[in-house]
Amino acid sequence: MKDKTKNEWEIEKKILDNPMYNSLAAYFNLKAPGGKLGKVRFTEEGSVVICAMRYGEARLYADIYVEENGAINTMVFDFREIFDLYVAKQAVEKHGADYEQFVFKVLNQANFDPQHICLFNGYKGGMENDDEKYSTFGICLVGYKDEQFNMFTPWAGVLNRILNALDEVNGFTGSNKKNKLTRKVVDEAAVMFPIQGWFLVILGYLAIIGGIALIIFNKEWLKAVKWIVGILLVLVGILFGPGLHLSTVSDKKGYYKNSGDLLEKFHRPERKMFITIKD
């Protein structure tokens, strides 16, 4: 993938404000087994990212279509690697009717409402060096709800049903189940504060202590200078110490209670990017 331009970084920062997309990015970056999140396109009109995770010895891929406000609109799945490993038991260059039958078995087992199912014949994904067009389906999240997961993470409900369907179709039951997705894991990723953030918090508290110590104990600097520098250190420290710390605590509380700033930043998808079966 090529590096993002400055404009793309700004767009990604904007969509990360929505806990719906932010939680998905956190899960695939931090908690999903073998998880990866790769850029395909970031634009003002809408963005596409590729999510990847291990499913047993294979990988499950999904093209995630995201609206400009960070709402996840549609998840389009790529089962080719899973089919090659567990069904065909060989590398398949061109996925034909037998692959299509496998895809529909997974779709039927997942049992989504037709108003959320998008069918694709000759779908071209966003992975580099992959020119194959193949049959697949996507799940539109407009109006989609799943009470098993947090209100902010309906995408996790979709992913969970897909993984469970794959287990059923492939005959993986009991201790052999490949689906390890749980609400606990999704929630832990969603509220996880990065190490870099904690580093800033620690520096913030140290800046406060340093500023106060400079004002009280420094006898060598001019009084006006030490007061100015000391106060600046304290103010910057408050911003990155208690300020950032309290913000993380507030966001964590808001996530579990679906309230506060996170609720204000939460946007559901409103328009369908692709036609569904019911349409």
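Reader: At what angle do helix α3 and helix α4 pack?

Author: In this predicted model, helix α3 covers residues 80-88 and helix α4 covers residues 97-110. Their axes lie 11 Å apart. Angles of 65 to 115 degrees count as roughly perpendicular, and α3 and α4 are therefore roughly perpendicular to each other. The packing angle is about 105 degrees.

Reader: Which residues of α3 and α4 make the contact, and how many of them are nonpolar, polar and charged?

Author: On the side of α3, the contact is made by Arg80, Ile82, Phe83 and Val87. Helix α4 contributes Asp98, Tyr99 and Phe102. By class, the contact has two charged residues, no polar residues and five nonpolar residues.

Reader: Which strands stand at the edges of the open sheet?

Author: The sheet has six strands with antiparallel pairing, in the order β1-β2-β3-β4-β6-β5. A strand at the edge has a single partner, so one side of it is left without a neighbour in the sheet. The edge strands are β1 (36-42) and β5 (117-123).

Reader: Which residue of β6 is the bridge partner of Phe120?

Author: Strand β6 spans residues 134-140 and pairs with β5 in the antiparallel sense over five bridges. Phe120 is in strand β5. Its bridge partner in β6 is Thr136.

Reader: At what angle does helix α2 run to β1?

Author: Helix α2, residues 19-31, lies across β1, β2 (47-55), β3 (58-66) and β4 (72-78). Relative to β1, helix α2 runs at about 135 degrees.

Reader: Are the rings of Tyr86 and Phe172 stacked or edge-to-face?

Author: Tyr86 is in helix α3, and Phe172 is in the loop between α5 (154-170) and α6 (183-191), 86 residues apart. The ring centres are 5.2 Å apart. Planes over 60 degrees apart count as edge-to-face; those of Tyr86 and Phe172 stand at 80 degrees, so the pair is edge-to-face.

Reader: Is Phe172 buried or exposed?

Author: A residue counts as buried under 20% relative accessible area. The relative accessible area of Phe172 is 14%, so Phe172 is buried.

Reader: Which residues form one aromatic cluster with Phe120 and Phe274?

Author: Phe120 and Phe274 form an edge-to-face pair, with 5.1 Å from centre to centre and 85 degrees between the planes. Phe120 is buried at a relative accessible area of 14%, whereas Phe274 is partly exposed at 23%. The cluster that holds Phe120 and Phe274 also includes Tyr65, Tyr123 and Tyr134.

Methods: Residues are numbered from 1 along each chain as its sequence is written. This is a predicted model: local features need pLDDT of at least 70, side-chain atom pairs count only at pLDDT 80 or more; totals for chains, interfaces and linings use all residues. Side-chain values use heavy atoms; hydrogens and water are left out. Axes are lines fitted to C-alpha atoms, for helices over the stretch in contact, and angles run from 0 to 180 degrees between N-to-C directions. Helices (H or I, at least four residues) and strands (E, at least two) are DSSP runs, numbered from the N terminus. Angles under 35 degrees count as roughly parallel, over 145 as roughly antiparallel, 65 to 115 as roughly perpendicular and the rest as oblique. Contact means heavy atoms within 4.5 Å. Ala, Val, Leu, Ile, Met, Phe, Trp, Tyr, Cys and Pro count as nonpolar, Asp, Glu, Lys and Arg as charged, and the others, Gly among them, as polar. Two strands pair if DSSP finds at least two bridges between them. Rings of Phe, Tyr and Trp (its six-membered ring) pair if their centres lie within 6.5 Å; planes under 30 degrees apart count as stacked, over 60 as edge-to-face and the rest as tilted. Buried means under 20% relative accessible area, exposed over 50%, partly exposed in between (1.4 Å probe, protein chains only).
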